[in-house]
Amino acid sequence: MIIRDKNIEKFINYSGKKLNAPQQSIIMGVSSLVFQPYINRKNKQLDEDTRDMAVARSIGKSITGNISDFLTRVFSIFAVAKLSNYAINKVNTDDDFVMEIKPKSKLDIFTPNLKEDFVPRPRKEFFKDFKSYQMAMGALVATGLAVFVKTTVELPATKFLTDYFYRKERLKKEKNAKTDSNE
Amino acid sequence: MLKPTPMNRFSNYIFKNYAKDSGKLLVHVGTGVTVIGASAQVGMLLADKDIQGHTKKFLVNQEIITSGTCIALFYGICETTRVAVNRIVERGKVLTATAASYIASLNKENSIADPKAWKNIFTKEEMKKGISYNLENIKYTEIFKNTKDSLKPQTAEAAKKALEVFQEYKNGAGVLSVLAASIFAGNIAGPVIGNLIASLPTKHESKNAEE
């Protein structure tokens, strides 16, 4: 099958270039807010109180979990980019080969200084690949950092939001019950 | 040459495995975060003194089973989808018109590069290795061997460009399929199946209470 629609083609190529780990958090967060509370609300096997708590928790968890993932990933990618400065041999055009890459300073712990795997590469390809590498390394560093962020920031925030949405859910039900009894 | 440090080895490993394959990165990072998040959530529930008895038991059970199911489903569905889409794309079952045209243009003796003509570029045996492999190793393909010597440099150059266009499409298709699979696995299949399994102890308890 050949995709001839230019818009679909642009969308596919755009996704490959622009969507990475931080955007994954946003997409997962929005979709989990749409689906998870609905699924928990429809879970008739639970008593009403437990169901309300499960709904409230799914909302709280979707919001805090994905926002903290997003921020951790953006921060980590930024940090990796700042700590992976490099020096290369002089190249003038996109087709010139990058033959050597070295960390600029001792702080650049994420700059690889081995020749194999990275060089020689044409300058254009080198820049593109190195940017992808920084994104990938950032996303992996973020996964490690998540252990700390989740226990110190995300859990208290999830608990706060869960309590808030649970109270809201109960209030809504009480209001509905009152309206029904008045009628 | 400088002696590679553990950090260098790690950087090289990340570069080789993830820099060119965003789909693979999303599957592995997504699974990692789900595992960490699930462990933290169970810890929070256990430490919460405000939730008591039956509700706490249910929520802890729900979290462990839902998360376990979610992690298994997430990795299973996303990785299967990624590998399947990768195979479909590499075998040329679905191609964009631009990628197909660039591949078709490898035949320099054919002035009109109709996208459909890409099918005549590689042999059946060559296609088993995938489009990327053949474009990277164009010099060993039949089309290159059968090209006039004067046109060979142009064919090699065209293969480079075709590979760039094809990789761009392949990466996009991989990312989109992994995202769609992760939404389905993480936010629909995981919670539905997790709720069903987590409800079993509650059902069992209420049955015992009735007796």
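Trainee: Is B:Ile103 buried or exposed?
Mentor: This is a predicted model, where local features need pLDDT of at least 70, side-chain atom pairs count only at pLDDT 80 or more, and totals for chains, interfaces and linings use all residues. Residues are numbered from 1 along each chain as its sequence is written, while chains are lettered from A and ligands numbered from 1 in the order in which they are written. A residue is buried if 20 or more other C-beta atoms, placed from the backbone, lie within 10 Å of its own, exposed if 12 or fewer, and partly exposed in between. B:Ile103 has 29 such atoms within 10 Å, so B:Ile103 is buried.

Trainee: Which residues does B:Ile103 touch, not counting those up to four places away in sequence?
Mentor: Contact here is C-beta atoms, placed from the backbone, within 7 Å. Leaving out residues up to four places away, the list for B:Ile103 is B:Trp118, B:Ile121, B:Ile131 and B:Ala162.

Trainee: How far apart in space are B:Ile103 and B:Ala117?
Mentor: They're 14 residues apart in sequence. C-alpha to C-alpha, the distance in space is 8.5 Å.

Trainee: Which residues touch the most other members of the largest nonpolar core?
Mentor: A nonpolar core is a set of buried Ala, Val, Leu, Ile, Met, Phe, Trp, Tyr and Cys residues joined through C-beta atoms within 7 Å. The largest has 51 residues, and those touching the most other members are A:Ala136, A:Met137 and A:Ala139.

Notes:
Contact = placed C-beta atoms within 7 Å.
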